[in-house]
Amino acid sequence: MTLEVVPEPSKLGTKSHWDEVYAREVDNYRAAGDEGECWFGLDAASDMVEWAQEHVPPEKKPKVLDLGCGNGHLLFSLAQEGDYDTSLMTGVDYAPASIELSRAIATQRGIAGITWKVVDIFEQTSASAESYDLALDKGTFDAISLAPTRQTRWHLSAHVVQLDERRAAQ
């Protein structure tokens, strides 16, 4: 017998919600310099940097992908706390305002080199054609699991399995 637990859908699983959130965050940044929310707190980002340094050290010059980069905080932490090469970092998000905010914060902080892309992983599979040594997510998979339709919820799972199979074949 298989027991399947599926979380209830939420607005947190919709693109329209995140488009609204990041449009508001951009307005707040322009008006008051507020960089926005650090999802799950500063400790979570620091813990992720520590884990990355231990398992994929910056000395190996890894290509880093942040799925659902939001305001860019995790990549900024990797660059500033973890000494990762920004020219090898890519942040993707399906909310265009998120990428706008990330770019503005990077410029204000003097952090150059990070590639920022608007990518909807539900619509574009070309992103999976690129190869990364370290792929991070700080809330994206949680939000996907709250999407209103089952098809949307598990679309990413197919990409994760495909990426894992490609990695195992190397």
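A nonpolar core is a set of buried Ala, Val, Leu, Ile, Met, Phe, Trp, Tyr and Cys residues joined through side-chain atoms within 4.5 Å, where buried means under 20% relative accessible area (1.4 Å probe, protein chains only). The structure is a predicted model, in which local features need pLDDT of at least 70 and side-chain atom pairs count only at pLDDT 80 or more, while totals for chains, interfaces and linings use all residues. Residues are numbered from 1 along each chain as its sequence is written, and side-chain values use heavy atoms, with hydrogens and water left out.

**Nonpolar cores**
- The largest nonpolar core has 32 residues, of which Val64, Leu78, Met89 and Trp116 touch the most other members.
- Two or more residues of this core come from each of helix 1 (15–32), helix 2 (41–55), helix 3 (73–80), helix 4 and strand 4; helices (H or I, at least four residues) and strands (E, at least two) are DSSP runs, numbered from the N terminus.
- Another core, of six residues, lies apart from it and includes Leu65, Val92, Tyr132 and Ile144.

- Four strands form an open sheet in the order 3-2-1-4, with parallel pairing; two strands pair if DSSP finds at least two bridges between them.
- Strand 3 (115–118) and strand 4 (134–136) each have a single partner strand, so one side of each is left without a neighbour in the sheet.
- Four bridges join strand 2 (residues 89–93) to strand 3 in the parallel sense, and Gly91 has Trp116 as its bridge partner in strand 3.

**Helix 4 on the sheet**
- Helix 4 (residues 96–109) packs on the sheet and touches strand 2 and strand 3, contact meaning heavy atoms within 4.5 Å.
- The direction of helix 4 makes about 165° with that of strand 3; axes are lines fitted to C-alpha atoms, for helices over the stretch in contact, and angles run from 0 to 180 degrees between N-to-C directions.

Note on methods:
Buried means under 20% relative accessible area, exposed over 50%, partly exposed in between (1.4 Å probe, protein chains only).
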